[in-house]
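Let's take a walk through this one together. Have the sequence and the 3D view open side by side.

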Amino acid sequence: MDDQHLLDQFFTHPDCRKVRSCIQCGTCSGSCPLAAEMDHAPRELFALIRDGEIDIALRSNTPWYCVSCYQCMDRCPQEIPVADIMYRLKQMAIAAGCQPRSHKLPDFYRAFADDMGRNGRMTETHVMARYSLKHPMDAAANMATALKLLARGRLDLIPNRTHHPAQIAALTTMCRKRGSDS
Amino acid sequence: MTVYAFFPGCAYQSAAGYRESVDALNARLDIQLQELDDWNCCGATAAFSLDEPDGLALCGRLFALAQKEGFSRIVTVCNACYTTLLKARKRMEKDPQKLAAVAHTLADQGLELADSLPDVRHYLDVLVADVSDVLEKAAADNGDTAGAVAVYYGCQYTRPWISGPDAQRPRMLERLFTKIGIHAVDHSAGTLCCGASHAVPYADACGPMIRRIVREIRNKGGGIITTICPMCQFNLDAGQTDRQTDPLPVTYFTQIIGLALGIAPKDLGLNKLLIPLRTEKKKAS
Ligand code: SF4
Ligand code: SF4
């Protein structure tokens, strides 16, 4: 997909269109707890998009670092739904297959979507097990905690399950399709 | 007895004594939470990050289940479930086409989604708005006490749903605590972010966020942290165990309220915390 098409797609979305009224005050970036980790904090990301650099925005780690704390949205003087726009960028990046390969959240979400499609509910141990296949070091770092949880009867050994997992699988086809792209 | 439709969410079953303490309060306060039959995961931040229609359908199914049982409200105990359901409700109310699309998808599974979507509430709202008088009467003066409590609301209980000062510094739980004789400390870390789902994949980035919350609470005289969400509780509890020499115990608000009602610590699941909480008998005044 070419950049112009992606830009049009971005600006036709009612939430994203509001980026046009951004006054570049930087309140969002100043409020963001993960700005230091992002390759472009929210204000800068919006400046790039308005300059037509949608490709940079979609490849950026910024939306994946967004934890939906909604500080930016609460404080933005222009009432721009910053966090909602981050969701839109994630969906667009995944659909276009250009999410940053170096970021671990897409794998985490995919492990989550996979368990949801299989069981209808999420079981933390399943998500961790699946995610750990790709990121064994994170699992190792959490071993000590896992053992403590086990000792307190808090490690999910029995999976969380609905009576009709197939129904939930049918509701999450897109999530899982996108979950198996890479 | 008041009956509420209950959506426990996936993290509830392994949460540190959340279920035990909620059950104990329900019994004491005559509240009935009726678990939605065959509930599914709400999709949390993952589904909405991957595909919005799927995210809406997961929440829509929960709304349909509640409607089927005749409920106009759903109670949750998790900030992420609360925000995900509210977000889906708002989207579908604003855009009837989205609602129609979800209703259509659910119809294929024999579920009916009516236009009037159920309201979404946190269990905290139930305690504050519906039973605070009962709570006040039930407060015991011979129970266990644990000291000065700092409330940590986390992000998604207030934002983006409440505007004004309460979005940053809510006070509803502190007010409730004061009414029933719990000492609540005043601090400014109540709605800072704990790192949420990033705490596992990006523990290094989230460490300073957790330490900042704990430091502020400790500086303001807090001896115990209390939370209203399984993810916040886990992040603050597990996030302190290897890094802090003198960590602060991280509880659920239902455990702290349970103590104030004279319920025994073992019946509140307090033994399941990673950082142990020490309680002592209140001195008769
Ligand atoms: S706070 Fe709002 S107006 Fe200011 S830079 Fe961020 S998005 Fe733009
Ligand atoms: S919602 Fe996302 S972008 Fe906004 S302040 Fe929080 S982490 Fe940063």
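We'll begin with the sheet in chain B, then turn to the ligand in chain A.

Keep in mind that this is a predicted model. In chain B, look for an open sheet built from four strands, laid out in the order β2-β1-β3-β4 with parallel pairing. The two edges belong to β2 (31–35) and β4 (119–122) of chain B, each of which pairs on one side only.

Now zoom in on β1 of chain B, which covers residues 2–7. Five bridges tie β1(B) to β2(B), and the two run parallel. If you want a landmark along this pair, find Val3(B), which sits opposite Gln32(B) in β2(B).

Helix α1 of chain B, residues 18–29, lies across β2 and β4 of chain B and runs at about 135 degrees to β2(B). Helix α6 of chain B (residues 123–130) packs on the sheet too, touching β1, β2, β3 (73–76) and β4 of chain B. The direction of α6(B) makes about 85 degrees with that of β4(B).

Over to the ligand. Which residues come closest to ligand 1? They are Cys22(A), Cys25(A), Gly26(A), Cys28(A) and Cys76(A), out of 14 residues that surround ligand 1. Helices α3 (27–31) and α4 (42–50) of chain A each contribute at least two residues to this shell.

How values were computed:
Residues numbered from 1 in each chain as written. Chains lettered and ligands numbered in written order. Predicted model: local features only at pLDDT ≥ 70, side-chain atom pairs only at ≥ 80, totals over all residues. Heavy atoms only, no water. Pairing = 2+ DSSP bridges. Contact = heavy atoms within 4.5 Å. Axes fitted to C-alpha atoms, helices over the stretch in contact; angles between N-to-C directions. Near = heavy atom within 4 Å.
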